[in-house]
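Please walk me through this structure, one piece at a time. Begin with the strands, then turn to the helices and the core.

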Amino acid sequence: MAPAPRLMRHTQQLLGASLLVLSAAGLALAPRSSWAGAPQTSIAENKAAQLAPSNGRQKALADHLRLQGVLFYGAFWCSHCNHQKELFGSEAAARLPYVECDQDTAGRQRCQSAKVRAYPSWDYKGERREGVLSLKELELWTAFPGSNR
């Protein structure tokens, strides 16, 4: 049987190592804005940084949608909304006429006023379409030049 001081020392070592691991895990899980001196970025900016680059057609379509008055309603936590943005690539996704519905009070109120019930939702000329739309569907729906409407 091991003497009590030896057992206590072993227990203290285990607890110390456990606390070190938990502290490191807490730091890794802490929001970036809580790190001293870390740049503050929005969730949308972080997502855009993860997307593939856009091609010319994707950028042109995003610009067309904005000029046509289309609105794309979504939520930062919505996997389908993120997939929709992935279809456009990083630069074009940043140009989309996107309304964030769940990051702040103003966004939630805007989406409630618009009666958004599903994400993603697209509004164009009084018509709403819900779910992920292919780029071709968006091109045809909004008469994008060269879409063979």
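Two strands pair if DSSP finds at least two bridges between them. Helices (H or I, at least four residues) and strands (E, at least two) are DSSP runs, numbered from the N terminus. This is a predicted model, in which local features need pLDDT of at least 70 and side-chain atom pairs count only at pLDDT 80 or more, while totals for chains, interfaces and linings use all residues. Residues are numbered from 1 along each chain as its sequence is written, and side-chain values use heavy atoms, with hydrogens and water left out.

Start at strand β1, residues 71–74. Three bridges join β1 to strand β2 (residues 98–100), and the two run parallel. Within this pair, tyrosine 73 has valine 99 in β2 as its bridge partner. β1 also pairs with β3, this time in the antiparallel sense, again over three bridges. There, phenylalanine 72 is bridged to tryptophan 122 of β3. In a regular strand the side chains alternate between the two faces of the sheet.

Now move to helix α3, residues 56–67. α3 has twelve residues and reaches 16 Å from its first C-alpha to its last. That is close to the 16 Å expected at 1.5 Å a residue; the expected span is 1.5 Å times one less than the number of residues. Asparagine 55 caps the N-terminal end of α3, with a side-chain oxygen 3.0 Å from the backbone nitrogen of arginine 57. A polar contact is a pair of N or O atoms within 3.5 Å; within protein, one must be able to donate a hydrogen and the other to accept it, and residues adjacent in sequence count only if both atoms are side-chain atoms. After α3 comes glycine 69, whose phi is positive, near 85°.

Which residues of α3 are buried? They are Gln58, Leu61, Ala62, His64 and Leu65. They lie on the same side of α3 because they cover an arc of only 160° around the axis. The arc is that of the directions from the helix axis to the C-beta atoms. Buried means under 20% relative accessible area, exposed over 50%, and partly exposed in between (1.4 Å probe, protein chains only). An α-helix has 3.6 residues a turn, so residues three or four places apart point the same way. The face of α3 turned away from its buried side carries the exposed residues Gly56 and Leu67. The buried residues of α3 pack against α5 (90–95), β3 (121–124) and α7 (135–141). Contact here means heavy atoms within 4.5 Å.

This packing leads to the core. A nonpolar core is a set of buried Ala, Val, Leu, Ile, Met, Phe, Trp, Tyr and Cys residues joined through side-chain atoms within 4.5 Å. The largest has 16 residues, and Leu61, Leu65, Phe88, Leu96, Trp122, Leu138 and Trp141 touch the most other members. The elements that give two or more residues to this core are α3, α5, β3 and α7. The largest share, three residues, comes from α3. Leucine 138 touches Leu61, Leu65, Gln84, Phe88, Trp122 and Leu133, leaving out residues up to four places away in sequence. Apart from this core lies another, of five residues, among them Tyr73, Val99, Cys101 and Val116.

Next, look at glutamate 139 in helix α7. Glutamate 139 counts as buried, because its relative accessibility is 6%. Beyond its neighbours within four places in sequence, glutamate 139 is in contact with Arg57, Leu61, Phe144 and Ser147.

Helix α4 (residues 79–86) has its own buried residues: Cys81, Asn82, Gln84 and Lys85. Their arc of only 155° around the axis puts them on the same side of α4.

Finish with the backbone. Most residues other than glycine have a negative phi, and most peptide bonds are trans. The bond from tyrosine 119 to proline 120 is cis, with omega near -15°. Proline 120 lies in the loop between α6 (105–113) and β3. Lysine 125 has a positive phi of about 50° although it is not a glycine. Lysine 125 sits in the loop between β3 and β4 and is exposed, with a relative accessible area of 69%. Glycine 126 is found in the loop between β3 and β4 (127–130), and counts as exposed at 86% relative accessibility. Alanine 143, in the segment after α7, has a positive phi of about 55°.
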